[in-house]
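Please keep the structure in view while reading.

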Amino acid sequence: FFNAGTEGQFYVGAFTGALAGIYITGLPPVLHIIVVLLVSFLAGALWALIAGVLKVSLGVSEIINTIMLVYVANLLVDHCIDGPLAEPGGVISQTAAIADSARLPIIVNGTRLHFGFIIALLITALVYFIIWRTSLGYQLRMAGLNPEAARFAGMDNKALVLISVLVSGGIAGIGGSIETMGSLYRLS
């Protein structure tokens, strides 16, 4: 239903996930990972909400908005990792390393396969279940395929747009933080 690019939400999720992994300390690993994922979800969802609000209030194309917001997110993150949040004493543009407690564990020793793969599978299964096995999923599918029929059936298309925007942006934010937590251990 909401098929615009999510690269901006990915950047914002990676950025906020890195910050949560660096500056939130003293948590056990499982809790720290959950907190980082939640922060990234919220950041991605809020970034996507900009395009969603413009879509439902002014009818502005969400595709054009999200494409333009990618550049804003990219420049904002670049500014922060080049300046105020740069690694102290670092030579290249990057943040400090995230805490060990925020790093995703490796699943298969000797490979780079980490727990982010399992998280992605769980999110995929959850989205599949919601889209194909719940009334909300039916409404999202109907509003995406035929907004006029959905409106005629009494569905609130604006609310459904905002729900899909928030969820897709949040999932993209989680994707960004998984990259940071599982492979790079910092944002560069």
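Ser-177 counts as buried in this predicted model, because its relative accessibility is 0% and the limit for a buried residue is under 20%. Ser-177 belongs to helix α7, which covers residues 157–184. Beyond its neighbours within four places in sequence, Ser-177 is in contact with Gly-13, Ala-14, Gly-17, Val-36, Leu-37 and Ser-40.

**Nonpolar cores**

- The largest nonpolar core has 12 residues, among them Ala-20, Ile-22, Ile-33, Val-36 and Leu-37.
- Also included in this core are Ile-98, Ala-102, Leu-104, Ile-119, Ile-174, Ile-178 and Met-181.
- Two or more residues of the core come from each of the elements α1 (7–23), α2 and α7.
- Val-36, a member of the largest core, touches Gly-17, Ala-20, Gly-21, Ala-102, Ser-177 and Met-181, when residues up to four places away in sequence are not counted.
- In soluble globular proteins, nonpolar side chains tend to be buried together.

**Ala-51 in helix α2**

- Ala-51 sits in helix α2, which spans residues 29–58.
- Is Ala-51 buried or exposed? Its relative accessible area is 0%, so Ala-51 is buried.
- Leaving out residues up to four places away in sequence, Ala-51 touches Glu-62, Asn-65, Thr-66 and Leu-69.
- Between the C-alpha atoms of Ala-51 and Gly-182 there is a separation of 29 Å, and the two residues are 131 residues apart along the chain.

**The segment after α7**

- Tyr-185 is found in the segment after α7.
- Although Tyr-185 is not a glycine, it has a positive phi of about 65 degrees.
- The relative accessible area of Tyr-185 is 23%, so this residue is partly exposed.

**Surface**

- A nonpolar patch on the surface is formed by Ile-107, Val-108, Leu-113, Phe-115, Phe-117 and Leu-121.
- Together, the residues of this patch have about 490 Å² of accessible area.
- Where is Leu-113 placed? Leu-113 lies in the loop between α3 (62–82) and α4 (116–133).
- Leu-113 is partly exposed because its relative accessible area is 35%, and the range for that class lies between 20% and 50%.
- For the whole chain, the accessible surface comes to about 10200 Å², and 70% of it belongs to carbon and sulfur atoms.

**Overall fold**

- The chain has 7 helices and 0 strands, and its elements run α-α-α-α-α-α-α from the N terminus on.
- The radius of gyration is 18 Å, close to the 16 Å from the globule rule for 188 residues, so the chain is as compact as a globular protein of that length.
- Taken along the principal axes, the C-alpha atoms fill a box of roughly 60 × 35 × 25 Å.
- Of the 188 residues in the chain, 37% are buried.
- Among contacts with a separation of 6 or more, 70% are between residues 24 or more positions apart.

Conventions:
Residues are numbered from 1 along each chain as its sequence is written. This is a predicted model: local features need pLDDT of at least 70, side-chain atom pairs count only at pLDDT 80 or more; totals for chains, interfaces and linings use all residues. Side-chain values use heavy atoms; hydrogens and water are left out. Patches are made of residues with over 30% relative accessible area and no salt bridge: like charges are joined within 9 Å, nonpolar side chains (Val, Leu, Ile, Met, Phe, Trp, Tyr) within 5 Å. Accessible areas come from the Shrake-Rupley method with a 1.4 Å probe; for residues, only the protein chains shown count as cover. A salt bridge is a side-chain nitrogen of Lys or Arg within 4 Å of a carboxyl oxygen of Asp or Glu. Helices (H or I, at least four residues) and strands (E, at least two) are DSSP runs, numbered from the N terminus. Buried means under 20% relative accessible area, exposed over 50%, partly exposed in between (1.4 Å probe, protein chains only). Contact means heavy atoms within 4.5 Å. A nonpolar core is a set of buried Ala, Val, Leu, Ile, Met, Phe, Trp, Tyr and Cys residues joined through side-chain atoms within 4.5 Å. The radius of gyration is taken over C-alpha atoms; the globule rule is 2.2 Å times the number of residues to the power 0.38.
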